[in-house]
Amino acid sequence: MSKSTFGQLPAVTIRADDGAQATITLYGGHLVSWRTSDGQERLFCSRESSLDGSRPIRGGVPVIFPQFGARGTGMRHGFARVATWQLSASGHDDGAAYAELTLTQTDLPEAIAAAWPYAFSLRLRVAVKESALDLSLSVHNTGEQAFPFSAALHTYFVIDDLGQARIGGLQRVRYSDETPQDALQAEEMLQFADKLDRIYYQLPGPLTLQAGRHALRLEQQGFTDAVVWNPGAQDAAALPDLADDEQPRFICIEPALIQPDTLAAGAGWNGRQHIEFIQE
């Protein structure tokens, strides 16, 4: 592990024995770069993203907690992605490099802490080896009151062309989007024409992403749902932290716990995601 910077943000970089590496900023506990052992960057991060801590980073893997989107009365997508985390551990395990970061109530800015009256501890573990990335998010209620929470790992994958992207594993899975009623996906492979924003509930198994020469497999535990998102050309044009030519170059597939779970005093929850490139 080495200390580094990403833009103006303090960061840590971990390197596996085979050359795979990842960079995580302390701001947001945000995984901003993942390179497989062949040196290829696998995550998208906008070149227009603010990298000074003034606003959330556009790209990488934002940590969503304790609220998803605007589904609640708190900060959109929660405070974890704009708080400063602490590096708690790093090292090597069976050839993989890993880092663990933590966030507690005492790490929050005063205004955010006042709006979230519950004691908690988050732990994010990032591990890389060869062509695989493992992410683990743990939530622990360290207080005396139960609290509700949602969580997600809002992963931005870099791709060559959105029009070539195909996602498998979602056939007959219930989803919601901007239409009034939920639906079941009929197609074996989800394809993209322009904007897509769907929440898929209760995934039955792994997903696959095929995008040109690339194919990867995504497995998750603890996270019951998945969000698939690309803003489309029109909505992307309104995003100040996304360059005009970047919208077709990424797709978000995020493991998520959408419906809030209630965590009792002293209880814990853990969500995991394993991502592996299976074709190049």
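Reply: Gladly; here are the labels, each set beside its criterion. This is a predicted model, where local features need pLDDT of at least 70, side-chain atom pairs count only at pLDDT 80 or more, and totals for chains, interfaces and linings use all residues. Residues are numbered from 1 along each chain as its sequence is written, and side-chain values use heavy atoms, with hydrogens and water left out.

Me: Why do strand 7 and strand 8 count as paired?
Reply: Strands are DSSP runs of E, at least two residues, numbered from the N terminus. Two of them pair if DSSP finds at least two bridges between them. Strand 7 (residues 96–104) and strand 8 (residues 120–129) are joined by eight bridges and run antiparallel, so they pair. Ala-97 faces Val-128 of strand 8.

Me: How do you know which residues of the largest pocket's lining are nonpolar, polar or charged?
Reply: Ala, Val, Leu, Ile, Met, Phe, Trp, Tyr, Cys and Pro count as nonpolar, Asp, Glu, Lys and Arg as charged, and the others, Gly among them, as polar. By that rule the lining of the largest pocket has eleven nonpolar, four polar and twelve charged residues. In the second largest pocket, the lining divides into eleven nonpolar, six polar and one charged.

Methods
Helices (H or I, at least four residues) and strands (E, at least two) are DSSP runs, numbered from the N terminus.
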